[in-house]
Amino acid sequence: MTSNQLQDGTEQDSIDVIELVASLWQNRKFIIKISLIFVIAGILVSLLSPVKYSASTVFVPQLGSDVKAPSGLSSLASIAGININSDSQTGDISPLLYPKLSSNIPFKLALLSAPMSEDISDTLNLKSYLLVQQSGINILGTVKKYTIGLPGLLFSKDVATSNTKSTLISLTQEEEELIETISKKYNVSVNEKQGFVSVIALDKNPVVAAKLVRIITSNLQDEIIQKRLEKVQNNLDFTQTQYNQKKLEFEKIQDRLARFKDRNQNISSSLFLNELERIQAEYSIALNVVKELAAQVESAKLQVNKDTPIFSVIEPVTVPSERDSPKRTLIVLIWSFLGIIISSGFVLIKDPIAEILKEVASK
């Protein structure tokens with residue numbers, strides 16, 4: 001390519017750009033009108049969009065001494081005065097599974113039945129609140145007619161809750177809709193690099209958003225504790241049952257030995273001594289068994305306390321004072337940008353399209 005050709009090509013490109021800019025300038029009134037229409041639309045959208053408040057909390061789980069923590073969890077937990085080792089233990093639930101645990105159906109059903117108030121006389125639960133919210137009725141003075149007692153709130157008689165070993169769960173259409181609604185209101189995430197767990201909830205009422213975070217966090221931690229202690233709690237229950245049974249047997253033998261001695265205070269025959277030795281041997285064995293089981297019960301109780309997870313709150317939940325959405329300024333800017341792009345694009349392509357249509361029509 002010669003220098004003249006290069007100059008001609010550059011000149012042609014410059015002329016094309018100048019023509020485009022000139023076309024936009026000539027149609028500036030049209031572009032401004034369309035852009036103003038989009039600005040007005042953006043303002044309406046920003047004003048009509050539902051206001052939502054975001055509440056959150058951040059906590060660090062204290063894992064068992066043999067559980068592996070996510071990357072960064074050990075260093076962050078050490079700041080909170082928690083010591084975390086790096087081995088693996090099957091009894092613990094990895095924090096990486098917390099989001100999955102908080103998104104399953106039994107967990108969401110438990111959330112729907114959770115009370116919204118700490119006042120036991122207040123019958124408002126999350127399901128009642130969502131029903132009233134969906135109906136568009138003022139919640140004050142109307143919530144009681146939507147409140148349904150538990151049990152029977154979430155399951156039929158043939159369906160077991162998440163606390164039982166049955167895995168069959170039957171949902172009504174209303175429950176499916178409520179679960180879909182509550183799924184959009186919260187999120188549980190784990191920061192693998194820094195190692196903390198965050199719970200975020202959204203609602204149009206800032207107080208409700210904060211209460212949602214409290215309920216979700218409490219239920220999640222209770223679920224983790226329950227699963228973490230399931231094995232040691234079963235061991236404690238079994239040992240306690242065996243201890244109670246053996247204690248009753250020991251007390252019967254103790255009473256039988258006392259009655260035998262009372263009935264035979266002045267007898268010293270060989271038959272009496274043999275019978276006394278046999279009862280005393282049973283007594284000694286039963287006593288040793290009871291002592292051993294008592295020690296095992298106390299050991300199991302200590303193990304339950306030792307294995308109970310502790311959650312160190314890094315950022316407590318607070319009632320938000322500023323809305324999370326809509327971002328009205330951003331919405332207006334986006335709509336304004338779309339108006340400029342669409343109107344400018346229409347100005348630039350209308351003439352070429354018109355020429356193409358003429359050529360097609362002429363053929």
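Biologist: So what's the average pLDDT of the protein, and what percentage of the residues score at least 70?

Modeller: It's a predicted model, and the pLDDT averages 77 over the protein. As for the residues scoring at least 70, they make up 76%.

Biologist: Where does the pLDDT stay under 50?

Modeller: One such stretch is residues 65-69, for which the model still has 19 contacts beyond four places in sequence. Residues 71-90 are also below 50, and that stretch has 47 contacts in the model beyond near neighbours in sequence.

Biologist: OK, packing next. How many residues are in the largest nonpolar core, and which have the most contacts inside it?

Modeller: The largest nonpolar core has 35 residues. Tyr98, Leu126, Tyr186, Val188 and Leu220 are the ones with the most contacts inside it.

Biologist: Which elements give two or more residues to this core?

Modeller: On the helix side you have H4 (98-101), H5 (105-112), H6 (126-135), H7 (173-183) and H8 (206-228). The strands are S1 (53-62), S2 (186-190) and S3 (197-203). H8 supplies the largest share, 9 residues.

Biologist: And what is Tyr186 in contact with, leaving aside its neighbours within four places in sequence?

Modeller: Tyr186 touches Ser102, Ser103, Phe107, Lys108 and Leu111, and also Ile200, Ala201 and Ile216.

Biologist: How about H2, what does it span from its first C-alpha to its last?

Modeller: Helix H2 covers residues 28-48, 21 residues, and reaches 30 Å, close to the 30 Å expected at 1.5 Å a residue. Its buried residues are Ile31, Ser35, Phe38, Gly42 and Ser46. Those cover an arc of only 80° around the axis, which puts them on the same side of H2.

Biologist: Which exposed residues sit on the face of H2 turned away from its buried side?

Modeller: That face carries Lys29, Lys33, Ile37, Ile40, Leu47 and Leu48.

Biologist: Now the rings. How many aromatic pairs does the count come to?

Modeller: The count comes to 4 aromatic pairs. Take Phe38 and Trp335: their ring centres are 6.0 Å apart and their planes are at 40°, so that pair is tilted. Phe38 lies in H2 and Trp335 in helix H11 (residues 328-362), so the pair ties together parts 297 residues apart in sequence.

Biologist: Is Phe38 buried or exposed? And what about Trp335, buried or partly exposed?

Modeller: Phe38 counts as buried, at 18% relative accessibility, under the 20% cut-off. Trp335 is partly exposed, with a relative accessible area of 28%.

Biologist: What sort of pair do Phe59 and Phe311 form?

Modeller: Edge-to-face, with 5.6 Å centre to centre and 85° between the planes. Phe59 is in strand S1 and Phe311 in strand S4 (residues 310-315), so this pair links parts that are 252 residues apart in sequence. Phe59 is buried at a relative accessible area of 1%, and Phe311 counts as buried at 14%.

Key. Residues are numbered from 1 along each chain as its sequence is written. This is a predicted model: local features need pLDDT of at least 70, side-chain atom pairs count only at pLDDT 80 or more; totals for chains, interfaces and linings use all residues. Side-chain values use heavy atoms; hydrogens and water are left out. A nonpolar core is a set of buried Ala, Val, Leu, Ile, Met, Phe, Trp, Tyr and Cys residues joined through side-chain atoms within 4.5 Å. Buried means under 20% relative accessible area, exposed over 50%, partly exposed in between (1.4 Å probe, protein chains only). Helices (H or I, at least four residues) and strands (E, at least two) are DSSP runs, numbered from the N terminus. Contact means heavy atoms within 4.5 Å. pLDDT is the predictor's confidence in each residue, from 0 to 100. The expected span of a helix is 1.5 Å times one less than its number of residues. The arc is that of the directions from the helix axis to the C-beta atoms. Rings of Phe, Tyr and Trp (its six-membered ring) pair if their centres lie within 6.5 Å; planes under 30 degrees apart count as stacked, over 60 as edge-to-face and the rest as tilted.
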